[in-house]
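Here are a few exercises to work through with the model open in your viewer. Try each one yourself before reading the solution.

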Amino acid sequence: MNVAEAVGAALVRLGAHTAFGVVGSGNFHVTNALVASGARYVAARHEGGAATMADAYARVTGGLGVLSVHQGPGLTNALTGITEAAKSRTPLLVLAGEVAAAEVRSNFRVDQAALAAAVGAVPERIHSPETALADVTRACRVAVAERRTVLLGLPLDVQGAAFPGPAGLERPTAAHQAGQRARPPAVPPLPVPTAGAIARFADALQGAERPVFVAGRGARLAGAGPALAELAARCGALPATSAVARGLFAGDPFGLDVSGGFATPAAADLIAGADLVVGWGCSLNAWTTRHGALVGRDTRVVQVDVDAQALGAHRPVDLGLIGDAAETALAVAAELEARGHSATGYRTGAVAARLAREGRWRDVPYEDDSGEDPAEGGPRLDPRTLTIALDALLPRERTVAVDSGNFMGYPAMFLDVPDADGLVFTQAFQSVGLGLATAIGAAVARPDRLTVAALGDGGALMAAAELETAVRLGLGLLVVVYDDEAYGAEVHHFGPDGHPLDTVTFPPADLAAIGRGYGCAAATVRRREDLGAVADWLAGPRDRPMLVDAKVTRGRAAWWLEEAFHGH
């Protein structure tokens, strides 16, 4: 057995049960070793797509994501996806071939560790045959326990060397594979704040008349939804989420959905009227607070996070607590119960009635812009009307993956999600072009749900090669392209000032025909009645993806766009 084979076998035992990648000579042997040891390998068409698929897979399963790439260009092709994962604290292990130390003139030589560090990933390496297992174990531990994206360099000379032991790394038997965990072993619970800190937190909750909770990525990862919902009910708080945690309080009649740029007018008004805002595993950054506009001048702010550096990083806080969101919520609930405290707080009949009327974006009146496009001589559909109609067609059990662009707020907010796993929002790096790969990774992770990829035409064309991946995998993926034939965010940001827009507008493209060329079912949608083709596909076997080229209206900037460009 050589080191590459030993590493593959060890990785499977450490939780690497699904890997994504593009195979070249530098990662050929370790990828085959993963497969031989029982892992599933999903071949993408581009390393950038593979990286984002692995990222989305890890987000949806809660386990370890694995990416396998060739040295040099294989890694550089994947860097945007790796950056997104690193900024999102995704537990992702990147297996990258590496040029042997003696090959100083190799075309593939770049400083891979420096590349990883530059984008926020943790560089690790298999240093020698003797240290290989310790090196692999350390890399996996950092990825899972610290929720970091880790680059594990695999020098070619070390990969090919004989593995000196220990014994016991033979290929797993069928019985062993059947008994393997679907995820790596659970990370031990993180510390709860001190009793004194919990008492001060309870004082703040007890003194609040209009408390609001904002749960973020950390609360979602901690599985804190039930504990936070119970605490909110006890102290009369209205629960909201950041965009990445949307769905955590799905079904709560007092839930505000998302705080920030995507907040409904009712939610924004209620959050701004709070006298106490508590961020749970939430950075309370500019996106979530609308650059501070949602936090009143006299509002007290409490922040709970496992990362001490996150406390007060984006705005001053009155009380910061280092602790796991779920465990902290349970501890402060116990303190309030011991005090005999419960309160109606913000949970009044009037607030419940308002949220029933105005709590969803589809409840907000709008002027439908659908109609003939004078510049084209054909009809176009208002993206709000399109998305509301799609929401009514789709099954409730769904996963929504959203790319970046002017369109992104429509699917992110008008499509309901069933729970906190229902929206996969790869936006930490704000890169256009990640949405399709995000959807593929999510669909591989949750084949029991319909996955919807919501893309702009720019992002769809950037990632079109991965349509072949979705077809080859037989994914019943619905790909909806909000096609305005432009980079719409730039059009609406710079156009009003009279800047020329030739660099960000494009001639029409038949995206449905492109989808068919890759083997997808496809339809062009210009009117609501054209969505009958989607209904037919939904009713069918769904044994291949469907691409919907939705020709959407182009005259209106998305409501959140000004917020997105604030300070750019």
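**Exercise 1: a helix pair**

Helix α1 (residues 3-13) packs against helix α6 (residues 132-145) at an angle of about 35 degrees, and their axes are 10 Å apart. Keep in mind that this is a predicted model.

Task: work out which residues of α1 and α6 meet, and what classes they fall into.

Solution. 
- Start with the handedness: α1 and α6 make a right-handed crossing.
- Next, list the contacts. On the α1 side you'll find Val3, Ala6, Val7, Ala10 and Leu11, and they meet Ala132, Leu133, Val136 and Cys140 of α6.
- Finally, sort them by class: the contact of α1 with α6 has 9 nonpolar residues, with no polar and no charged ones.

**Exercise 2: another helix pair**

Task: find the angle between α11 and α14, then classify how they are oriented to each other.

Solution. 
- Helix α11 (residues 225-235) and helix α14 (residues 325-338) pack at about 30 degrees, with axes 9 Å apart.
- Angles under 35 degrees count as roughly parallel, so α11 and α14 are roughly parallel to each other.
- The crossing of α11 and α14 is left-handed.
- From α11, the residues Ala227, Leu228, Leu231, Arg234 and Cys235 meet a set in α14 that includes Ala326, Leu330 and Glu337.
- Split by class, the contact of α11 with α14 comes to 10 nonpolar, no polar and 2 charged residues.

**Exercise 3: one phenylalanine**

Task: decide whether Phe254 is buried or exposed, then list what it contacts outside its sequence neighbourhood.

Solution. 
- Locate Phe254 first: it's in the loop between β8 and α12 (265-272).
- Its relative accessibility is 14%, and the cut-off for buried is under 20%, so Phe254 counts as buried.
- Leaving aside neighbours within four places in sequence, Phe254 is in contact with Leu238, Pro239, Arg347, Thr348, Val351, Ala352 and Leu355.

Technical notes
Residues numbered from 1 in each chain as written. Predicted model: local features only at pLDDT ≥ 70, side-chain atom pairs only at ≥ 80, totals over all residues. Heavy atoms only, no water. Axes fitted to C-alpha atoms, helices over the stretch in contact; angles between N-to-C directions. Helix = DSSP H or I, 4+ residues; strand = E, 2+ residues; numbered from the N terminus. Left-handed = near helix turned anticlockwise from the far one by under 90°. Contact = heavy atoms within 4.5 Å. Nonpolar A, V, L, I, M, F, W, Y, C, P; charged D, E, K, R; others polar. Parallel < 35°, antiparallel > 145°, perpendicular 65-115°, else oblique. Buried < 20%, exposed > 50% of the residue type's maximum accessible area, 1.4 Å probe, protein only.
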